[in-house]
Amino acid sequence: MRRPRTAVLLALVELALAPASISAAAPKTERSIPKKRIITSCPAFHQARVGNEGLRFELHNTCSFPVACTLTWAVHCRGRGESPGERSGSLELAVGASDSLVASGDACGPDGWNIDGIRWSCDPRPVDRGNPLDAKDGEL
């Protein structure tokens with residue numbers, strides 16, 4: 001009499017484990033959409049005040065490939081003048097290159113300015129085979 005109970009128990013255990021093994025083998029659909037690759041580890045960002053004019057944002061590309069970078073910031077006037085608000089700029093940098101933008105507070109006049117909300121991001125830029133500045137040694 002014990003055999004039928006054992007067989008029934010084993011069948012129930014197999015049924016309980018079957019969905020777990022099927023779901024573990026099923027592919028995950030959320031991986032089907034590629035995520036945009038943003039680089040933050042190899043471009044180096046620095047900022048410095050430029051007298052009373054504003055701030056200089058400098059990026060240096062230490063990546064082993066060219067990058068295209070976008071910078072955004074907001075300018076706020078301290079006085080009664082209207083604040084220019086959010087501004088942006090972009091830089092394309094070859095391997096080892098540096099470039100900069102100046103976030104100006106000139107529009108605020110003599111009352112002074114604040115610059116905040118500074119953000120930057122860089123994406124890989126494909127190497128232009130027709131541009132010798134982007135070519136590596138021995139490549140044309």
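The structure is a predicted model, in which local features need pLDDT of at least 70 and side-chain atom pairs count only at pLDDT 80 or more, whereas totals for chains, interfaces and linings use all residues. Residues are numbered from 1 along each chain as its sequence is written, and side-chain values use heavy atoms, with hydrogens and water left out.

The pLDDT, which is the predictor's confidence in each residue on a scale from 0 to 100, averages 76 over the chain, and 62% of the residues score at least 70. Over residues 132–140 the pLDDT is below 50, and this stretch has seven contacts in the model beyond near neighbours in sequence.

E92 belongs to strand β4 (residues 85–93); strands (E, at least two residues) and helices (H or I, at least four) are DSSP runs numbered from the N terminus. With a relative accessible area of 56%, E92 is exposed (buried means under 20% relative accessible area, exposed over 50% and partly exposed in between, with a 1.4 Å probe and protein chains only). Apart from residues up to four places away in sequence, E92 touches V67, A68 and R125, contact meaning heavy atoms within 4.5 Å. The C-alpha atoms of E92 and N61 are separated by 9.4 Å, and the two residues lie 31 positions apart along the chain.

In contrast to E92, which is exposed, N61 counts as buried, at 0% relative accessibility. N61 lies in strand β2. A polar atom of the N61 side chain lies 3.0 Å from the backbone oxygen of F65, and a polar atom of this side chain is found 3.1 Å from the backbone oxygen of A94. Leaving aside neighbours within four places in sequence, the contacts of N61 include C42, P66, V67 and L93.

Strand β2 pairs with β1 (residues 43–50) in the antiparallel sense over eight bridges, where two strands pair if DSSP finds at least two bridges between them. Within this pairing, F45 has L59 of β2 as its bridge partner. Three residues separate the strands of the β1 and β2 hairpin, in which G51 takes a positive phi near 55°.

Strand β4 forms part of an open sheet of three strands, ordered β4-β3-β6 with antiparallel pairing. The edge strands, β4 and β6 (113–124), each pair on one side only. From one strand to the next, the twist averages 15°, with axes taken as lines fitted to C-alpha atoms (for helices over the stretch in contact) and angles running from 0 to 180 degrees between N-to-C directions. Nine bridges join β4 to β3 (residues 67–77) in the antiparallel sense, and L91 of β4 is the bridge partner of C69.

The largest nonpolar core has 20 residues, and F57, L59, V67, C69, L71, W73 and I115 have the most contacts inside it; such a core is a set of buried Ala, Val, Leu, Ile, Met, Phe, Trp, Tyr and Cys residues joined through side-chain atoms within 4.5 Å. At least two residues of this core come from each of β2 (54–61), β3, β4, β5 (98–104) and β6, and β3 supplies the largest share, six residues. Beyond its neighbours within four places in sequence, L71 is in contact with residues including F45, F57, L59, L91, L101 and W120.

Conventions:
A polar contact is a pair of N or O atoms within 3.5 Å; within protein, one must be able to donate a hydrogen and the other to accept it, and residues adjacent in sequence count only if both atoms are side-chain atoms.
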